[in-house]
Amino acid sequence: MVRLYNQSFEILKIELKKCAKTDLVGEVGEKIVLKRLEKMRSQSGESLTLDELKNLVSDQFYNFDEVVLQKAAKANHPPGIWSKLAFGTAILGGFVGFVALANLPYPMIRFPVSKTVPILLIPSYISMDYNYRQALSLVEQSDQLINQATAITDIELGVEKIGKAQKHLEKLPVWFLGYYPQAYCSFTGCVWRFTFDEYESARKNVGRMESKIFQEQNAYQEYTKAEQLIKESENNFPKLPPGNEQQQMISLWQKAIDKLDKIPSQTLAGKLAEKELETAKRDFQQQLGFVAGTIKGNTLIDAGMQFGIQAAKAAKNPPHTAQEWKQVIKLWEEAILRLEQVPTDNPSYSDAQKKLAEYQSNLGSSESRLQAEKDGVEYLKQAKSAIAQWQKLARSKDPDIGSLISQLTDIINTLEQVPAGTTVSAEAQNLLRSARHTYDKLDIN
């Protein structure tokens, strides 16, 4: 005779599937109860009663349909069982008061009863069996919730389960260890032998889960702190000016990533951190690259500006000689060369291009001034050479006035081509005035 028949098992199994879809414990609770029922199907003994069936499922699904339980209990008993139970209940009813006295939680009462009439201690055994079953079940649930956690809510539910398990263990009569209720267990099929080792094993399981919960909670706190610091660093870093503040933020950011990396991988927080770590490191490296690029770009711009400042100083207060203008041009070219080294993907590229346009314009102006200086010097040289020839012709005997006027006209034209603002423009203007005055005299005569 088995303790749970197939017809009863199928009735309970159908209802378990319905409960698993709506109850908080879900599939975890369903698996635990099915495992118990499977064990009862292969265990020999008296058929499970309604209360026993209820004990098997109630710790997982407190709202399990009572009508289904009654139907399963009815299907699980051979014909005539109800009359036997009614008879047993009537007999026991006459001894309610005596049984209650025998089950008082005092060793001086329970010890003698357990040796002489142990059946009277059935209520105590039921309580022991129920509390022990509940403790094991809750520890098992907590174990699955925590070790297979996908969110912090699973950990919180595991904490709740282990707290209940602890309360059930506290209700076990430790002083009664070693008194194994053979009669009761042969009837109900106890899953325990209530010995000190069994009790210690249960306590160790609870302690192990409490330790696991403590580790999970600490790891999640570290994960939350690191995640928050990383987000704050990502948001605040771009707002900080280059310098010490940025360096301090980079240091804090790196510490947060290191903290995320050190979270134990076997915890829920460790698994969550592992998913975020790669993204956090990538974002951090991108920001470091941005900073490094900005620093490099700004360094090149600063270097170019230093040459630009020197070029601007050298170009002040013209006129300047050709050699001086060459030096100014060289400084502008050095400034431009450094600005052109800022790559297009550098954060400072736009600023470099603005300054580059300004310096290229200044370079063009300086080159024009150099050419004007060269032209002025050359025209003045030609004019002076022509003046010397003209003077030689004018001092000759009986000079040709027409030739003198023609040469003088050429000299005037040459002097007029000397650009203004050059080192020779003042001298050229003096010679030009003199040439024009002489021309006027010759033209009148």
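Modeller: Buried residues make up 38% of the 445 in the protein chain (buried means under 20% relative accessible area and exposed over 50%, with a 1.4 Å probe and protein chains only). Bear in mind that this is a predicted model, where local features need pLDDT of at least 70 and side-chain atom pairs pLDDT 80 or more, while totals for chains, interfaces and linings use all residues. Residues are numbered from 1 along each chain as its sequence is written, and side-chain values use heavy atoms, without hydrogens or water.

The chain has 17 helices and zero strands (DSSP runs, H or I of at least four residues for helices, E of at least two for strands, numbered from the N terminus). Of its contacts between residues at least 6 apart in sequence, 69% link residues at least 24 apart (a contact is heavy atoms within 4.5 Å).

Now for your part. The largest nonpolar core has 20 residues, and those touching the most other members are L4, L12, L16, L37, L53, L56 and F64 (such a core joins buried Ala, Val, Leu, Ile, Met, Phe, Trp, Tyr and Cys through side-chain atoms within 4.5 Å). At least two of its residues come from each of α1 (6-22), α2 (26-42), α3 (50-58) and α4 (66-75), and α1 gives the largest share, five residues.

With α2, the axes come within 9 Å and cross at roughly 175° (lines fitted to C-alpha atoms over the stretch in contact, with angles from 0 to 180 degrees between N-to-C directions). α1 and α2 are therefore roughly antiparallel, a label for angles over 145 degrees. From α1, N6, F9, L12, K13, L16, K17 and A20 meet G26, E27, E30, V33, L34, L37, E38 and R41 of α2. This contact of α1 with α2 divides into seven nonpolar, two polar and six charged residues.

With α4, the axes of α1 and its partner come within 8 Å and cross at roughly 165°, so α1 and α4 are roughly antiparallel too. Here Q7, S8, I11, L12 and E15 of α1 meet V68, L69, K71, A72, A73 and A75 of α4. The α1 with α4 contact holds seven nonpolar, two polar and two charged residues.

Most residues other than glycine have a negative phi, and most peptide bonds are trans. In the loop between α13 (268-314) and α14 (322-340) sits P319, and the peptide bond from P318 to P319 is cis, with omega near 10°. N317 is in that loop between α13 and α14, with a positive phi near 55° and a relative accessible area of 69%, so N317 is exposed. D398, in the loop between α15 (349-394) and α16 (401-416), also has a positive phi, of about 50°. At 74% relative accessible area, D398 is exposed.

Definitions and conventions
Angles under 35 degrees count as roughly parallel, over 145 as roughly antiparallel, 65 to 115 as roughly perpendicular and the rest as oblique. Ala, Val, Leu, Ile, Met, Phe, Trp, Tyr, Cys and Pro count as nonpolar, Asp, Glu, Lys and Arg as charged, and the others, Gly among them, as polar.
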